[in-house]
Amino acid sequence: MGNVHVFDHPLIQHKLSYIRDSRTGTKEFRELVDEVGMLMAYEVTRDLELQEVEINTPVTKAKAKRLSGKKLAFVPILRAGLGMTQGILNLVPAARVGHVGLYRDPETLEAVEYFVKLPQDIEEREIIVVDPMLATGSSAIEAINSLKKRGAKHIRFMCLIAAPEGVNKLKEAHDDVNIFIAALDEKLDDNAYIIPGLGDAGDRLFGTK
């Protein structure tokens, strides 16, 4: 699938089964999304560049590896993307966090930007855009448009579940962005809900309707 990476790690799939389950309450849902976010970030960052440094262990001098080059920034799409952010930061606590807020225009059904706050050096960072769901692709496309307009060049997209329709639209709009997915679902229904999906991620994360 080119720049699309679908994870098959047993722990991710196990936790995702509980995330999908309608009986999972808000507290447990939030914790599971955090945990899967951290597990996914472990894989998404697998190819970050390292540099050799010299350190002093309690015994002797030694050469070791540390991250080099571009620094990381995570950019959740508001509001549901917030649910995955803390788990990621548990893994990479020094990363910067930006935010992109979007709403859906009721007439055109397209995503419209209403809020963007990013680290000042965003053009120098490896950016991972985070949203639990990739349905029609409109929000992801507009969020990445917003980042690119502000100078971002190195962007990855990470989500829990995706519909093929959204994946194809995102690939077409931004063929330079690697897409990381915990599960590729069957399709969108007539109301643009992912099937089988997990319901509304924002409502389940924050206990709203």
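Reader: Which residues of helix 3 are buried?
Author: In helix 3 (residues 82-91), the buried residues are Gly83, Met84, Thr85, Gly87, Ile88 and Leu89. Buried means under 20% relative accessible area, exposed over 50% and partly exposed in between, with a 1.4 Å probe and protein chains only. Helices (H or I, at least four residues) and strands (E, at least two) are DSSP runs, numbered from the N terminus.

Reader: Before we go on, what kind of model is this?
Author: This is a predicted model, in which local features need pLDDT of at least 70 and side-chain atom pairs count only at pLDDT 80 or more, while totals for chains, interfaces and linings use all residues. Residues are numbered from 1 along each chain as its sequence is written, and side-chain values use heavy atoms, with hydrogens and water left out.

Reader: Back to helix 3, then. What do its buried residues pack against?
Author: They pack against helix 2 (26-44), strand 4 (72-78), strand 5 (96-97), strand 8, strand 10 (154-162) and helix 6 (201-206). Contact here means heavy atoms within 4.5 Å.

Reader: At what angle do helix 2 and helix 3 pack?
Author: The angle is about 50 degrees, and the axes are 7 Å apart. That makes helix 2 oblique to helix 3. Angles under 35 degrees count as roughly parallel, over 145 as roughly antiparallel, 65 to 115 as roughly perpendicular and the rest as oblique. The axes are lines fitted to C-alpha atoms, for helices over the stretch in contact, and angles run from 0 to 180 degrees between N-to-C directions.

Reader: Is that crossing left-handed or right-handed?
Author: Helix 2 passes helix 3 in a right-handed crossing. A crossing is left-handed if the near helix is turned anticlockwise from the far one by less than a right angle, and right-handed if clockwise.

Reader: Which residues make the contact?
Author: Helix 2 contributes Val33, Asp34, Gly37, Met38, Met40, Ala41 and Tyr42, and helix 3 contributes Gly83, Met84, Gln86, Gly87, Ile88, Asn90 and Leu91. By class, the contact of helix 2 with helix 3 has eight nonpolar, five polar and one charged residues. Ala, Val, Leu, Ile, Met, Phe, Trp, Tyr, Cys and Pro count as nonpolar, Asp, Glu, Lys and Arg as charged, and the others, Gly among them, as polar.

Reader: And how do helix 1 and helix 2 cross?
Author: The axes of helix 1 (residues 10-20) and helix 2 come within 10 Å and cross at roughly 155 degrees. Helix 1 is therefore roughly antiparallel to helix 2. Their crossing is left-handed. On the helix 1 side the contact is made by Leu11, Ile12, Lys15, Tyr18 and Ile19, and on the helix 2 side by Phe29, Leu32, Val33, Glu35, Val36, Leu39 and Met40. These residues divide into 10 nonpolar, no polar and two charged.

Reader: What does the side chain of Asp203 make polar contact with?
Author: Asp203 is found in helix 6, and its side chain makes a polar contact with the side chain of Arg79 (2.8 Å). Another polar contact joins the side chain of Asp203 to the side chain of Thr208 (2.8 Å). A polar contact is a pair of N or O atoms within 3.5 Å; within protein, one must be able to donate a hydrogen and the other to accept it, and residues adjacent in sequence count only if both atoms are side-chain atoms. At 19% relative accessibility, Asp203 counts as buried.

Reader: And where does Arg125 lie?
Author: Arg125 lies in the loop between strand 7 (111-117) and strand 8 (126-130). Arg125 is buried, with a relative accessible area of 3%. A polar atom of its side chain lies 2.9 Å from the backbone oxygen of Leu72.
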